[in-house]
Amino acid sequence: MTTAPNRLVPRLAPHVTSIFAEMSALANRLGAINLGQGFPDTDGPEELKEAAIRAITEGRGNQYPPGHGLPQLRQAIADHQRRFYGLTLNWETDVVVTTGASEALQSALVALVDTDDEVLIFEPWFDIYEVGVAMARGKTVGVPLDSTTLRPDFDRLRAAITPRSKVIVLNSPHNPTGTVWTRAELETLAGIVEEHDLIVISDEAYEHLWFDGHPHIPFATLPGMFERTVTIASAGKSFSFTGWKVGWASGPADLIGAVRVVRQHLSYVSSGPFQWAISEGLAYPDAYWENFRHEMQAKRDFFTAGVLELGFGVIPSEGTYFLTTDVRPLGFESGAEFTRMLPEKFGVVAIPHSALCQHPDAGAPFVRWAYCKKESVLEEALDRMSSLRTN
């Protein structure tokens, strides 16, 4: 465990490192196949690279872009929300471009959460949520998903709400479980949100990666929810250029105005040429989005078949880059112990759910794998683990 620097404020001491950085460093040190961190090992469309190069060579975006994002990109985001979801946004007031979805998330939390406000988060979660709450001096309230299905447990959610509850973080398609919330689940959540006058920060970074007839439904499209919701999106996830770090938040002007105040004092601006490129990419025809989804689904299918053959229990992945497995059928009780053993013995890295929980027991037997890799890499990882069948 990494020791906290002695000048670090105590509330951030638990977040000195992340499980993703830790396991990626372990993969590098051991030469292990990294199925822990969620980034593709192939680039996105060549046309998008060419658009970024054009922007550089033509001198567009090489200096500071406008503080809230390139107007052409904000317009493209508004057009995208209308095209895919029927949402009407004023691109001038309802959108802010950020340095990746991570900055959008942290800006929203710092802007909307005050000292001792409670933020409800379904666990397991993407780890930066808890860090953002700590930076805002709020209090994270973990709400475990159902221990069998890894779907929302609304009785637990209702029991967790207090007069201090202010914000709920929603993530669908969900990292790390790979589940996609149904309309019925979202409608139940909407009723709870309205009853308790909550604000929703909806992380929809994997909005275009849903499979098998489990379509992504933005929370803001539900009746009465647009006015309460900050929607977070990621160009890196939608175009397989995670290193470009282009994200955004959209929603009603009062909420986005608050997010803008914080965001402008973080990175100020970034990714100028890439903003130009993404403004073109968002207008790609339906065929791009369908092919993108089908290619990732094929990787999911290949890897799922492989881990089933090895004897893992599987929570079917309905979206994202990720598959969740249960290690108990292989004779392990702890996903954390399993993932500590895996790189040394088999040369493969994965992430335990328990590291992404306030209540580690809630994720104890589960492990997350990133299948957003070349099929040859997935095949090699499965081959390395082949002796698990007899362990």
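# Notes on cavities, pockets and packing

1. Let me start with the second largest cavity, which holds about 40 Å³ of space. A cavity here is a set of points, on a 1 Å grid over the protein atoms alone, where a 1.4 Å probe fits but cannot get out. The volume is the space filled by probe spheres set on the points, with grid points joined across faces, edges and corners. Around this cavity sit Pro66, Gly67, His68, Gly69, Val97, Thr98, Thr99, Arg263, Tyr268, Val269, Ser270 and Gln275; lining residues have an atom within 4 Å of a point. By class that lining splits into 4 nonpolar, 7 polar and 1 charged residues. For the classes, Ala, Val, Leu, Ile, Met, Phe, Trp, Tyr, Cys and Pro count as nonpolar, Asp, Glu, Lys and Arg as charged, and the others, Gly among them, as polar.

2. A word on the basis: this is a predicted model, where local features need pLDDT of at least 70 and side-chain atom pairs count only at pLDDT 80 or more, while totals for chains, interfaces and linings use all residues. Residues are numbered from 1 along each chain as its sequence is written, and side-chain values use heavy atoms, with hydrogens and water left out.

3. Searching the whole structure turns up 2 cavities of 30 Å³ or more. The largest has about 50 Å³ of space, and its lining is made of Ile121, Phe122, Trp125, Tyr129, Val169, Leu170, Asn171, His174 and Trp181. That gives 7 nonpolar, 2 polar and no charged residues. Strands β3 (118-123) and β5 (165-171) each put in at least two residues, with β5 supplying the largest share, 3 residues. Elements are DSSP runs numbered from the N terminus: helices are H or I with at least four residues, strands E with at least two.

4. Now the open spaces. A pocket is an open set of points with protein on both sides within 12 Å along at least five of seven lines. The largest pocket has about 590 Å³ of space. Of its 20 lining residues, Pro14, His15, Thr17, Ser18 and Ala355 are the closest to the centre. Helices α1 (19-30) and α5 (128-135) are the elements giving two or more residues to this lining, and the largest share, 3 residues, comes from α5. The lining of the largest pocket has 11 nonpolar, 5 polar and 4 charged residues.

5. The second largest pocket comes in at about 500 Å³. Its lining has 25 residues, of which Gly38, Ser102, Phe126, Lys237 and Lys245 are the closest to the centre. Here α4 and α8 are the elements with two or more lining residues; α4 gives the most, with 4 residues. The classes divide into 11 nonpolar, 10 polar and 4 charged.

6. How do α4 and α9 cross? The axes of α4 (residues 100-112) and α9 (residues 253-263) come within 8 Å and cross at roughly 105 degrees. Axes are lines fitted to C-alpha atoms, for helices over the stretch in contact, and angles run from 0 to 180 degrees between N-to-C directions. The two helices are therefore roughly perpendicular to each other, a label used for 65 to 115 degrees. From α4, Glu103, Ala104, Ser107, Ala108, Val110, Ala111 and Leu112 meet Leu255, Ala258, Val259, Val262 and Arg263 of α9, where contact means heavy atoms within 4.5 Å. The residues of this contact divide into 9 nonpolar, 1 polar and 2 charged.

7. Have a look at α10 (residues 272-281) too: 8 of its 10 residues are buried, so the helix is largely enclosed by the rest of the structure. Buried means under 20% relative accessible area (1.4 Å probe, protein chains only). The buried set is Gly272, Pro273, Gln275, Trp276, Ala277, Ile278, Ser279 and Gly281. These residues pack against α2 (46-57), α3 (71-85), β2 (95-98), α8, β8 and α11 (286-310).

8. Gln81, in helix α3, is buried at a relative accessible area of 4%. Leaving aside neighbours within four places in sequence, Gln81 is in contact with Gly86, Leu87, Leu89, Glu207 and Ser250. Ser240 is in the loop between α8 (235-239) and β8 (247-250) and is buried, with a relative accessible area of 12%. Not counting residues up to four places away in sequence, Ser240 touches Pro40, Thr42, Asp43, Gly44, Ala235 and Phe292.

Note on methods:
Parallel < 35°, antiparallel > 145°, perpendicular 65-115°, else oblique. Buried < 20%, exposed > 50% of the residue type's maximum accessible area, 1.4 Å probe, protein only.
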